[in-house]
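User: I am new to this structure and would like a close look at a single part of it. Please take me through how that part is packed against what surrounds it.

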Amino acid sequence: MDNLPLLRDIHLPEDVSAFPPGYGWAVIAGVLVLSYAGYRLFRYLKVKSKKYYALKLLQNAKADNLSSARQISEILRRICVYKYKEAASLFGKEWIDFLNAKSRAKITNSAAELLVYAPYMPQSERFKPEDYQQLKTFAKNWIGENL
């Protein structure tokens, strides 16, 4: 008896496709995307919170006496200590030039004098309210651009 006609050819199975990938890869990709989004959100909130805090300090500075101009000077100095280490030791005209270099809007002369000399003036000294408003506006813009 001849069994050869009953034999069939060997058929190889089809190749295994790489797609769709398994669920494990989807979980890993999702974790990577979520961790990156979380990192970016954390960095955004960190930057925004410093800006928010500085603007809140600036808003709380009242225009009633010389100490408010000192507070503005202190806020700008604290930002420079945090962000621009080389500017922490600047004073006078160099300090004003540095602030103007880091801002699109330039500070006016009378407001610049108030910023420079306010920490050293006696408490009884008076200043123009317009100068204080210009200084406060400049500080607000400077904080917005640099934090």
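Analyst: What covers the buried residues of helix 4 (residues 109-117) includes helix 2, helix 3 (92-101) and helix 5, where helices are DSSP runs of H or I with at least four residues, numbered from the N terminus. This is a predicted model, in which local features need pLDDT of at least 70 and side-chain atom pairs count only at pLDDT 80 or more, while totals for chains, interfaces and linings use all residues. Residues are numbered from 1 along each chain as its sequence is written, and side-chain values use heavy atoms, with hydrogens and water left out.

The axes of helix 3 and helix 4, lines fitted to C-alpha atoms over the stretch in contact, with angles from 0 to 180 degrees between N-to-C directions, come within 10 Å and cross at roughly 120 degrees. That makes helix 3 oblique to helix 4, since angles under 35 degrees count as roughly parallel, over 145 as roughly antiparallel, 65 to 115 as roughly perpendicular and the rest as oblique. In this pair, Gly92, Trp95, Ile96 and Leu99 of helix 3 are in contact with Ala112, Leu115 and Val116 of helix 4, contact being heavy atoms within 4.5 Å.

Of the other covering elements, helix 2 (residues 66-83) and helix 5 (residues 129-146) also have axes that come within 10 Å, crossing at roughly 20 degrees. Helix 2 and helix 5 are therefore roughly parallel to each other.

Definitions and conventions:
Helix = DSSP H or I, 4+ residues; strand = E, 2+ residues; numbered from the N terminus. Buried < 20%, exposed > 50% of the residue type's maximum accessible area, 1.4 Å probe, protein only.
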